[in-house]
Protein chains: 2
Amino acid sequence: MSKHPLDPIFHPRAVAVVGVRSKPGTGMMGGFYDSLVEAGFPTDSLYPVNPKIDELNGARCYPTLLDTPDPVDHVISQVPASVVPQLVDQCVAKKIRSIHFFTAGFSETGNEEMAAVEHTMVEKLREAGIRAIGPNCMGLYVPASRLAFMGGFPMEPGNVFLLSQSGANAGEIVHGLTSRGIRFSKAISYGNGADLRAHDFLDYAATDAETDVVAAYIEGVRDGRQFFEALQRCARVKRVIILKGGRTQSGSNAAHSHTGSLAGSIEVFDAVCRQTGAVRAETIDELLDLVVAASTDTRHITGRGVCLFGGGGGGFAVLSADAIDREGLTVPQMPRKAVERMREYIPVAGSSVNNPIDAFPPEEHLDDMLKLVATAEGIDMMFMSPITGRWRPPAPDEKSSDDEEDDDTSTESERQQKEMAKAAEAAALKMRHLQDETGTPVVGILRSGRMARMMGVRTDSFSRAAYREGIGIYPSVARAARTVAQVLEWRNYRKGLPDIL
Amino acid sequence: MSKHPLDPIFHPRAVAVVGVRSKPGTGMMGGFYDSLVEAGFPTDSLYPVNPKIDELNGARCYPTLLDTPDPVDHVISQVPASVVPQLVDQCVAKKIRSIHFFTAGFSETGNEEMAAVEHTMVEKLREAGIRAIGPNCMGLYVPASRLAFMGGFPMEPGNVFLLSQSGANAGEIVHGLTSRGIRFSKAISYGNGADLRAHDFLDYAATDAETDVVAAYIEGVRDGRQFFEALQRCARVKRVIILKGGRTQSGSNAAHSHTGSLAGSIEVFDAVCRQTGAVRAETIDELLDLVVAASTDTRHITGRGVCLFGGGGGGFAVLSADAIDREGLTVPQMPRKAVERMREYIPVAGSSVNNPIDAFPPEEHLDDMLKLVATAEGIDMMFMSPITGRWRPPAPDEKSSDDEEDDDTSTESERQQKEMAKAAEAAALKMRHLQDETGTPVVGILRSGRMARMMGVRTDSFSRAAYREGIGIYPSVARAARTVAQVLEWRNYRKGLPDIL
């Protein structure tokens with residue numbers, strides 16, 4: 001299969017960072033040189049450029065792009081907007097392939113002159129066959145190519161493609177999904193989208209063999225027809241989740257200031273998503289949850305009946321049942337026979353075996369009980385936490401401090417951490433087996449924070465272990481229920497499209 | 001002022017724990033003896049009772065309640081339900097004042113016989129002038145009396161009264177509010193409410209001088225008229241926030257299994273809240289946010305115009321503006337003059353000074369800029385994070401690990417922690433001053449997790465410092481906006497009632 005024309009942009013062999021900062025790491029954003037070094041991009045193909053610096057962390061710093069060794073595929077521009085026309089000329093002379101403009105101050109300022117500069121520079125680059133990312137953005141994160149635009153991004157590749165007009169939101173999405181076990185094929189923050197924009201990336205993702213799931217944060221679409229067609233091609237064969245920023249008047253004003261995006265009709269946008277078979281998220285949290293669902297067996301759920309197998313107390317069960325019901329799912333009562341069977345080993349006092357199941361069976365009955373409820377009439381999915389199953393996490397280290405953060409692990413030994421990782425894997429495997437044996441999809445609930453810590457559960461390691469087993473983990477019953485409801489709706493309007501859910 | 005008849009129940013001088021566990025601390029729930037010792041209840045007035053144990057952690061354990069020294073005010077029952085009738089007789093003989101039944105297995109089981117036992121025991125106790133809490137609950141948390149039903153509850157008293165039919169939810173609410181700086185006058189988990197129930201506690205809270213704010217988690221109301229009247233008395237003079245569990249069919253089924261509560265009409269319940277001037281929360285998170293609002297100057301907000309003064313990037317600003325707008329608040333554009341003034345020291349590239357304000361002014365202009373935007377036309381409140389203001393937190397300790405929890409503080413020195421606490425106080429004071437100087441209420445946004453940690457902000461210590469300055473802190477813009485919208489609605493339907501918002 002021939003590669004998409006954009007493919008080389010994601011795999012540059014030599015990168016120049018022009019206008020590189022002399023004090024890298026001083027800001028959250030813009031430490032591109034540092035991030036690339038941290039990501040493991042070969043330093044002998046990485047060229048810092050800044051006429052005011054001779055050396056950067058031991059590497060030679062070049063006065064101009066034209067002074068760098070040949071060839072340079074990709075340029076990251078950190079120069080001020082006023083210097084951009086000059087840099088563009090140098091890029092043309094240097095015959096680069098792509099340029100990412102971190103540089104801001106163009107059309108998004110509302111200044112006509114700067115909008116014209118943006119237009120002219122893109123025209124000039126296009127004529128020379130150079131594609132532009134941005135301006136006003138963070139650019140590329142491609143694990144396989146050792147590209148990253150922030151510190152702390154994992155370098156293990158995955159199957160999620162992210163396109164985002166906002167760098168900060170891209171960072172939040174990458175970190176949020178990473179902690180839930182998900183990894184990326186490519187991510188791109190493209191800001192104003194003066195040249196390359198949503199439809200280009202959707203078109204690319206549609207045929208990218210490394211990509212199964214596409215997540216998008218979009219503030220504005222410049223070419224409705226092209227967007228529609230690219231989304232149609234992409235959403236047909238990939239699971240596409242879209243968060244539209246600027247849905248309200250206030251948000252739309254903010255988007256105009258941010259990336260120069262103009263408000264289109266939100267009704268039209270939503271209709272386009274629906275028609276093409278993409279699913280819409282309303283918030284970043286929803287986007288994260290939907291990507292998890294689209295990446296795990298949560299996407300295969302077809303019914304509405306939930307068995308909540310929970311430890312969290314009766315009050316937790318009540319509010320959880322409310323949350324499930326509110327999303328249009330159901331919490332069917334357990335058949336009388338199943339109840340009677342469970343009552344053989346579960347005392348009446350302080351427990352409920354109806355559904356939600358709020359009971360702690362003796363360990364030797366746990367597996368039987370799980371199978372019993374998972375196969376009960378009306379149950380289409382299990383909602384359960386790793387806590388409930390009592391997969392022997394280490395004894396909780398209950399502290400008297402009431403401070404939730406930051407100070408509760410200094411005494412935690414390496415050994416304990418390993419045990420927790422093992423417990424996480426065992427718990428994930430147990431969910432997988434329950435699902436395989438009963439045919440009932442399992443949805444993991446793992447409330448983070450104090451409760452998880454008390455139980456000795458490491459949210460991240462458990463989420464990762466579960467993800468590898470195809471089990472989606474959600475931070476609350478409410479979010480799990482909402483996600484499942486969205487998946488059901490999504491499948492519903494995908495009727496007639498390839499069955500990728 | 002004469003004390004309410006229930007007052008002595010909250011201040012027992014001698015407590016017996018009957019059926020005390022021989023291995024305390026083995027369960028999350030039911031370690032009452034341990035919790036009381038941890039809470040500092042005088043051990044010479046604390047009597048463990050269990051015929052099978054001679055000694056408990058060095059304290060003498062009594063075979064029966066009747067063997068304990070006189071007087072005993074309050075009994076905590078951990079005996080099985082079958083033994084309860086016998087214990088009740090002993091309580092009458094011992095002339096105790098109140099008994100808390102942790103013991104479960106009564107009316108909530110749906111078993112008529114056990115429901116009858118519950119009824120009989122309450123009758124017998126009442127005749128003897130003994131009040132009962134429960135059964136099937138966690139009982140009392142009263143910092144001033146050194147009573148607590150879980151470990152880790154703070155012993156510093158506060159002004160929030162909590163009543164909850166669920167012990168687990170009570171624990172979650174106490175911990176959730178504690179981490180946000182709030183402290184309690186009294187909290188009570190009352191389970192089935194066979195004797196004392198919502199209307200008793202509301203009636204008490206109405207005249208309790210130590211209580212300003214009342215939070216309630218209620219699954220069912222047995223006496224509608226009494227509940228209405230007590231709520232009316234209480235909500236007239238105290239700020240009352242109610243979360244009703246079992247609002248849906250599924251939740252109502254679960255509530256019936258949990259505390260034997262019967263579903264009433266949810267419409268009637270909601271109307272009662274509205275009519276009496278209480279505010280309703282839909283989830284525990286909403287309840288926490290509303291208690292914070294009712295405990296801080298957030299409750300004084302009267303308008304809808306938000307200035308979001310944020311660091312978080314343009315995409316964050318866009319989604320935040322959407323979230324604010326969605327709640328019926330507005331994000332007014334800054335007047336041209338204010339924009340021009342800010343542009344004198346804020347470069348055009350990579351910033352927005354319209355609103356949301358996404359800009360980092362030079363330190364020397366920060367105060368002026370804050371005052372300028374806080375007093376701009378149409379601005380009724382400031383939404384801001386402590387990050388934005390750059391109150392010099394220690395340099396972020398960015399980690400390469402992508403694990404969010406548990407392992408990021410082992411290198412953090414005591415000194416750094418103190419510096420952070422100081423930074424938190426300075427940040428809170430800065431918000432307070434801005435509010436005092438401009439008359440515009442300040443609402444704090446502090447996103448927890450990775451972002452806050454990267455910025456070196458300790459969520460808890462900052463929330464506490466802010467609370468002491470009367471500034472409410474919320475974990476996201478969306479939640480802050482929702483809370484403010486609820487406060488506005490709350491004030492609206494309190495028209496004609498005393499002005500306590």
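In strand 6 of chain B, Phe101(B) is the bridge partner of Ser77(B). The model is predicted.

Strand 5 of chain B covers residues 74-77, and strand 6 of chain B covers residues 98-101. The two run in the parallel sense and pair over four bridges. Strands of a sheet pair through backbone hydrogen bonds, and the sense can be parallel or antiparallel.

Now step back to the whole sheet. Five strands of chain B make up an open sheet. Their order is 2-1-5-6-7, and the pairing is parallel. Strand 2 (46-49) and strand 7 (131-133) of chain B are the edge strands. Each of them pairs on one side only. From one strand to the next, the twist averages 20 degrees.

Chain B also has an open sheet of six strands. Here the order is 8-10-9-11-12-13. The pairing in this sheet is mixed. Its edges are strand 8 (139-141) and strand 13 (279-281) of chain B, and each pairs on one side only. Direction ignored, neighbouring strands of this sheet are turned against each other by 15 degrees on average.

Look next at the edge formed by strand 13 of chain B. Strand 12 of chain B, residues 239-244, is joined to strand 13 of chain B by three bridges. These two strands run parallel. Within this pairing, Val279(B) in strand 13 of chain B is the bridge partner of Ile241(B).

A helix packs on this sheet: helix 9 of chain B, residues 284-295. Helix 9 of chain B touches strand 9 (160-164), strand 11 (213-218), strand 12 and strand 13 of chain B. The direction of helix 9 of chain B makes about 180 degrees with that of strand 12 of chain B.

Turn to chain A and its domains. The domain assignment gives domain 1 (7-133), domain 2 (156-295) and domain 3 (299-395 + 414-492) of chain A. Between domain 2 and domain 3 of chain A, the C-alpha centres lie 31 Å apart. Where the two meet, 11 residues of domain 2 of chain A are in contact with 15 residues of domain 3 of chain A.

Which helix of chain A gives the most to the side of domain 2 that touches domain 3? Helix 9 of chain A, residues 284-295, does, with six residues. By class, that side of domain 2 of chain A has six nonpolar, two polar and three charged residues.

Terms used: Residues are numbered from 1 along each chain as its sequence is written. Chains are lettered from A and ligands numbered from 1 in the order in which they are written. This is a predicted model: local features need pLDDT of at least 70, side-chain atom pairs count only at pLDDT 80 or more; totals for chains, interfaces and linings use all residues. Two strands pair if DSSP finds at least two bridges between them. Axes are lines fitted to C-alpha atoms, for helices over the stretch in contact, and angles run from 0 to 180 degrees between N-to-C directions. Two residues are in contact if their C-beta atoms, placed from the backbone, lie within 7 Å. Domain bounds come from an automatic or database domain assignment. Ala, Val, Leu, Ile, Met, Phe, Trp, Tyr, Cys and Pro count as nonpolar, Asp, Glu, Lys and Arg as charged, and the others, Gly among them, as polar.
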